[in-house]
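Student: I would like to work through this model with you, one question at a time. Could we begin with its interior and then move on to how its elements pack?

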Amino acid sequence: ALVSTQSTGSHNVIYYYTNYAFISALLIVYCIISSPLLLLAITVSGTACYLISTQKEGKTLQIGGHTFTPKDQALIAACISLPLLFFASAGTVIFWVIGLTCSVVGIHASMMQLPNEDGTEFSEMNAVV
């Protein structure tokens, strides 16, 4: 029974891969929308990385007599982003999404039947006489 369940699960994970990826994406979007601090942290981090990456090569930033290279700017952005992501519980969200996705995928993949030899998805019901 365990071998057939494992075989069914392995086949169905491959067969329904895009559905499972969509479920994961929906869970991630739900987590981001339901946590305003996480949304703020991701927005700040993404904006900082985007602004740093769109600068011309070798361009430095002058603030208060200090010169910051793009490498320094990335380090400052990381030093600001990491505490924001920590306080927004980004790690908890990641493990929650992974755990829930694995549970849903595992249950669904082990419960679905394998397709028949002729390519139809479900077998016909035989009448018991």
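This is a predicted model: local features need pLDDT of at least 70, side-chain atom pairs count only at pLDDT 80 or more; totals for chains, interfaces and linings use all residues.

Student: In what order do the elements of the protein run?

Tutor: The protein has five helices and two strands. Read from the N terminus on, these elements follow the order α-α-α-β-β-α-α.

Student: How are H3 and H4 oriented towards each other?

Tutor: Two packed helices are described by the angle between their axes and the distance between the axes. For H3 and H4 the axes come within 9 Å and cross at roughly 175 degrees. Because angles over 145 degrees count as such, the orientation of H3 to H4 is roughly antiparallel.

Student: How many charged residues does the contact of H3 with H4 have?

Tutor: From H3, the contact is made by Leu 37, Leu 38, Ala 41, Ile 42, Val 44, Ser 45, Ala 48 and Ile 52, while H4 brings Pro 70, Gln 73, Ala 74, Ala 77, Ser 81, Leu 84, Leu 85 and Phe 87. Sorted by class, these are 13 nonpolar and three polar residues, and the number of charged residues is given as no charged residues.

Student: Which residues does Ala 41 contact, leaving aside its neighbours within four places in sequence?

Tutor: Once neighbours within four places in sequence are left aside, the residues in contact with Ala 41 are Leu 84, Leu 85 and Ala 88.

Student: Is Gln 73 buried or exposed?

Tutor: Gln 73 is found in helix H4 (residues 70-87), and, not counting residues up to four places away in sequence, it touches Ile 52, Gln 55, Lys 59, Thr 60, Leu 61 and Phe 68. Its relative accessibility is 8%, and because the cut-off is under 20%, Gln 73 counts as buried.

Student: How are H2 and H3 oriented to each other?

Tutor: The axes of H2 and H3 come within 5 Å and cross at roughly 100 degrees. In this contact, Cys 31, Ile 32 and Ser 34 of H2 meet Pro 36, Leu 38, Leu 39 and Ile 42 of H3, and by class it has six nonpolar, one polar and no charged residues. Since an angle from 65 to 115 degrees falls in that category, the two helices are roughly perpendicular.

Student: What is the distance in space, C-alpha to C-alpha, between Lys 56 and Pro 70?

Tutor: Lys 56 is found in the loop between H3 and strand E1 (61-63), and at 67% relative accessibility it counts as exposed. Lys 56 and Pro 70 are 14 residues apart in sequence, and their C-alpha to C-alpha distance in space is 9.5 Å.

Student: Which residues does Thr 67 contact, leaving aside its neighbours within four places in sequence?

Tutor: Thr 67 is found in strand E2 (residues 66-68), and with a relative accessible area of 43% it is partly exposed. Leaving aside neighbours within four places in sequence, the residues in contact with Thr 67 are Thr 60, Leu 61, Gln 62 and Asp 72.

Student: What is the phi value of Ser 89?

Tutor: Ser 89 lies in the loop between H4 and H5, and at 33% relative accessibility it counts as partly exposed. Its phi is positive although the residue is other than glycine, with a value near 60 degrees.

Student: How many disulfides does the structure hold?

Tutor: Among the cysteines, Cys 49 counts as partly exposed at 48% relative accessibility, whereas Cys 79 is exposed, with a relative accessible area of 52%. The number of disulfides that the structure holds is zero.

Terms used
Residues are numbered from 1 along each chain as its sequence is written. Side-chain values use heavy atoms; hydrogens and water are left out. Contact means heavy atoms within 4.5 Å. Helices (H or I, at least four residues) and strands (E, at least two) are DSSP runs, numbered from the N terminus. Buried means under 20% relative accessible area, exposed over 50%, partly exposed in between (1.4 Å probe, protein chains only). Axes are lines fitted to C-alpha atoms, for helices over the stretch in contact, and angles run from 0 to 180 degrees between N-to-C directions. Angles under 35 degrees count as roughly parallel, over 145 as roughly antiparallel, 65 to 115 as roughly perpendicular and the rest as oblique. Ala, Val, Leu, Ile, Met, Phe, Trp, Tyr, Cys and Pro count as nonpolar, Asp, Glu, Lys and Arg as charged, and the others, Gly among them, as polar. A disulfide is a pair of cysteine sulfur atoms within 2.5 Å.
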